[in-house]
Amino acid sequence: MQNPIDPVKLDRLAEVAVRVGLNLQPGQDLVLTASVGALPLVRRIAEHAYRAGAGLVTPILSDDAVTLARYRNAPEAAFDASAGWLYDGMAAAFDKGAARLAIAGGDPMLLSSEDPDRVSRANRAMAMAYAAARDRITRFATNWTIVAWPDEAWARLVSPDLPPEQAQRVLAEAIFAASRVDSDDAVARWQAHNTELGRRSSWLNGRNFAALRFTGPGTDLEVGLAEGQKWIAGATETTSGILCNPNIPTEEVFTTPHRLRVSGTVSATKPLSHQGTLIENIQVRFEDGRIVQANASRGEAVLNKVLDTDDGARRLGEVALVPHASPISQSGLLFYNTLFDENAASHIALGQCYATCFHGGETMDAAEVGRRGGNTSAIHIDWMIGSGQIDIDGVTQDGARVPVMRQGAWA
């Protein structure tokens with residue numbers, strides 16, 4: 001039987017993850033999380049990491065069957081618990097300079113048939129336990145990245161009408177193309193791509209907009225921008241000066257909204273796959289930065305549980321611009337995975353902001369980020385609001401409008 005996953009391209013993905021995504025430094029440790037199904041990629045990443053001079057590579061593996069065993073057999077109290085000791089250890093590792101790599105994969109709909117209250121409680125417990133480690137990530141206190149593995153269950157969801165092996169091949173090739181590893185000059189292609197994204201972020205920073213205005217079907221939304229915010233894209237510098245690409249793939253240019261200055265209505269342009277639930281046709285209304293009404297044609301109960309995580313969960317921590325012509329959008333696939341789907345369309349994120357999206361953010365404490373309008377939450381969930389029908393204007397400091405995107409394309 002022919003391997004549905006091209007081993008040459010898989011090896012290139014591992015190399016890009018280490019050299020471009022992490023820019024792993026000699027002597028640096030690496031904490032790596034993945035599902036057991038992604039072991040072929042885990043092993044290649046470890047090989048490239050050690051070739052790059054890694055100190056110690058520590059993989060932490062999850063398993064869908066073990067996760068389901070919890071939901072079907074564990075006592076009720078287990079859904080309010082989390083492995084805090086593990087996440088505390090990760091935060092301590094980041095403080096000592098370890099890099100962070102996550103391999104996305106597994107079955108996106110694994111928990112779709114489970115009790116949504118249990119799923120919500122388990123997610124909340126994990127989010128709270130992960131807070132310290134997540135803080136190091138959002139502040140870019142260390143270099144980190146996310147790449148993807150074409151899990152069989154994920155592939156069947158993306159291409160339900162294809163035989164399993166063919167479905168996995170289709171997903172693998174889509175991942176390789178979006179990650180720019182489908183040719184032998186992958187590292188050089190990433191350098192060129194980062195340059196182009198940097199050009200877009202430089203233009204936006206030069207304009208210093210006070211807000212963005214999104215208009216289109218079901219959407220009339222003004223997103224005020226935080227005070228002293230900056231746009232970043234592609235490669236991002238950590239507080240220690242390491243240039244890393246947090247997402248492989250990435251097509252976005254993003255910044256921090258002001259948590260109190262978002263108003264209007266917005267409709268999602270793609271479904272949101274969240275912890276085993278597909279949330280479709282999201283529509284929300286903001287007043288003074290806070291979601292005061294939220295509806296969805298499917299998964300509405302889960303959406304509202306997410307919004308009730310904490311006060312910051314109803315406010316925005318990120319706004320990102322992505323052209324409708326991005327390779328992921330043009331693939332025509334719904335990936336059921338935010339790493340990919342968010343790079344198909346302009347999007348917003350509920351929850352925690354990135355301190356790095358402020359001028360001087362690397363030296364700001366949480367209180368200063370808050371004074372400038374940055375949001376704090378135990379969650380960070382991106383969902384898509386851009387399409388070929390959405391226009392975006394920048395609102396200048398004196399209230400004038402400047403075209404930024406028209407029908408999903410850079411103006």
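Strand E5 (residues 211–216) pairs with strand E19 in the antiparallel sense, over five bridges. The model is a predicted one. Within this pairing, Ala-211 has Val-395 of E19 as its bridge partner. Strand E19 itself spans residues 391–395. E19 is mostly covered, with four of its five residues buried.

E19 also pairs with strand E20, which covers residues 401–406. This second pairing is again described as antiparallel, and it runs over four bridges. Here Asp-393 has Pro-403 of E20 as its bridge partner. E19 and E20 form a hairpin, and five residues lie between the two strands. The turn includes Gly-399, whose phi is positive at about 95°.

Helix H6 was examined next. H6 comprises residues 131–138. Its buried residues are Ala-133, Arg-134, Arg-136, Ile-137 and Thr-138. Phe-140 follows H6 and has a positive phi, near 55°.

These elements belong to a protein chain with 13 helices and 21 strands. The radius of gyration of the chain is 20 Å, close to the 22 Å that the globule rule gives for 411 residues, so the chain is as compact as a globular protein of that length. Along the principal axes, the C-alpha atoms fill a box of roughly 60 × 50 × 45 Å.

Burial and contacts were computed over the protein chain. Of its 411 residues, 55% count as buried. Among contacts with a separation of 6 or more, 76% involve residues 24 or more positions apart.

The chain carries 38 positive and 48 negative side chains. The centres of the two charge sets lie 2 Å apart.

Technical notes
Residues numbered from 1 in each chain as written. Predicted model: local features only at pLDDT ≥ 70, side-chain atom pairs only at ≥ 80, totals over all residues. Heavy atoms only, no water. Rg over C-alpha atoms; globule rule 2.2 N^0.38 Å. Buried < 20%, exposed > 50% of the residue type's maximum accessible area, 1.4 Å probe, protein only. Contact = heavy atoms within 4.5 Å. Lys, Arg positive; Asp, Glu negative; His and termini not counted. Charge placed at Lys NZ, Arg CZ, Asp CG, Glu CD. Pairing = 2+ DSSP bridges.
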